[in-house]
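User: Please examine the model shown below with me, beginning with the packing of helices and then turning to the sheet.

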Amino acid sequence: MKVAVFSTKSYDRQFLEPANANFGHELVFFEPQLNRDTAILAAGFPAICAFINDQLDAPTLEILAAHGTRLLALRSAGFNHVDLSVAADLGFTVVRVPAYSPYAVAEHTVGLMLTLNRKFHRAYYRVREGDFSINGLMGFDLHDRTVGIVGTGKIGQVVGQILKGFGCHILGYDVYPNEEFKALGGKYVELAQLFAESDIITLHCPLTHETHHLIDESAIAQMKPGVMLINTSRGALVDTNAAIEGLKSRKIGYLGLDVYERESDLFFEDMSDEIIQDDEFERLLTFPNVIVTAHQAFFTSNALQNIAETTLSNISDFEQGRHCPNEISAKQKTKTPA
């Protein structure tokens with residue numbers, strides 16, 4: 001099948017091309033993001049392959065449909081960048097990669113916690129400059145701390161397993177409770193209780209209308225003073241301006257982000273020679289107790305291999321008229337687990 005692959009980086013080709021030896025699709029790689037301005041590049045392609053920052057809104061979908069595209073193959077678990085209602089109306093089939101490596105994201109999540117707590121990043125640069133003082137590097141024991149996990153799907157469950165090994169108390173909130181999370185010792189509570197009792201809060205839920213700005217001024221007000229907040233899920237779960245105010249008031253003592261609500265204009269690109277126009281993002285970077293990574297939590301060789309194989313398998317299912325277990329529809333928009 002002829003497939004237009006958008007938002008292509010060298011690492012995408014590194015994994016998609018070898019995996020394709022088992023599927024035989026014709027992959028044509030495009031570096032630009034997919035949006036209403038670049039959709040014409042897919043003219044004549046029955047399938048496109050999109051990543052998380054591609055914009056599959058109504059205008060883009062209408063252009064794709066008008067030029068023969070029928071399959072939208074997402075090489076991501078998230079699909080909030082797709083207008084599923086319009087896609088259904090235009091007759092598109094939409095498939096995704098629901099699980100590539102929960103360990104990749106979970107381990108990065110815990111890495112952010114450890115780095116913020118023990119200040120590895122500051123210690124690294126201090127030692128390289130010959131400064132061996134440890135003033136300002138004091139952390140706390142994770143043992144016996146309470147961690148609230150919002151979203152206890154595959155990733156949230158693995159985060160709970162790892163933190164249980166540190167001796168943490170694990171609280172969880174999810175509209176779809178996970179029996180395996182309970183089995184590892186996690187305790188489900190209401191969201192307000194999780195906010196109030198957790199020393200660390202980590203987000204692992206999908207972005208829906210209901211979860212947009214889940215962490216806002218009201219939510220932050222319910223949290224412990226000096227709380228650590230981690231988001232490796234979807235950027236718009238956190239109201240950035242509210243987080244900045246929380247940092248300024250010291251209500252938020254530590255903030256670790258691998259996602260950002262306006263990341264599509266920044267992440268996955270080299271902006272080192274540019275003047276970044278996002279004032280809120282730039283303000284975040286001025287805080288000594290904030291770490292931002294550029295949506296790299298998924299970025300392990302294991303995950304990329306799984307993403308490539310699942311994406312290509314999804315395309316083959318469509319091409320050969322088989323039911324694809326990874327197909328999504330508008331009905332799933334508010335009920336997909338993290």
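User: At roughly what angle do the axes of helix H4 and helix H6 cross?

Analyst: This is a predicted model, in which local features need pLDDT of at least 70, side-chain atom pairs count only at pLDDT 80 or more, and totals for chains, interfaces and linings use all residues. Residues are numbered from 1 along each chain as its sequence is written, and side-chain values use heavy atoms, with hydrogens and water left out. Helices (H or I, at least four residues) and strands (E, at least two) are DSSP runs numbered from the N terminus, while axes are lines fitted to C-alpha atoms, for helices over the stretch in contact, with angles from 0 to 180 degrees between N-to-C directions. The axes of H4 (residues 102–118) and H6 (residues 154–165) come within 8 Å, and they cross at roughly 50°.

User: Which term describes the orientation of H4 and H6 to each other?

Analyst: Angles under 35 degrees count as roughly parallel, over 145 as roughly antiparallel, 65 to 115 as roughly perpendicular and the rest as oblique. The crossing angle of H4 and H6 is roughly 50°. The two helices, H4 and H6, are therefore oblique.

User: How do the residues of the contact of H4 with H6 divide into nonpolar, polar and charged?

Analyst: Contact means heavy atoms within 4.5 Å. Ala, Val, Leu, Ile, Met, Phe, Trp, Tyr, Cys and Pro count as nonpolar, Asp, Glu, Lys and Arg as charged, and the others, Gly among them, as polar. The contact of H4 with H6 divides into eleven nonpolar, one polar and two charged residues.

User: What is the order of the strands in the open sheet of seven strands?

Analyst: Two strands pair if DSSP finds at least two bridges between them. The pairing is parallel, and the order is E8-E7-E6-E9-E10-E11-E12.

User: Which residue in E11 is the bridge partner of Asn231?

Analyst: E10 and E11 pair in the parallel sense over five bridges. In E11, the residue bridged to Asn231 is Leu257.

User: How many of the residues of E11 are buried?

Analyst: Buried means under 20% relative accessible area, exposed over 50%, and partly exposed in between (1.4 Å probe, protein chains only). Helix H10 (residues 240–248) packs on the sheet and touches E11 (252–257) and E12. E11 is mostly covered, and the number of its residues that are buried is six of six.
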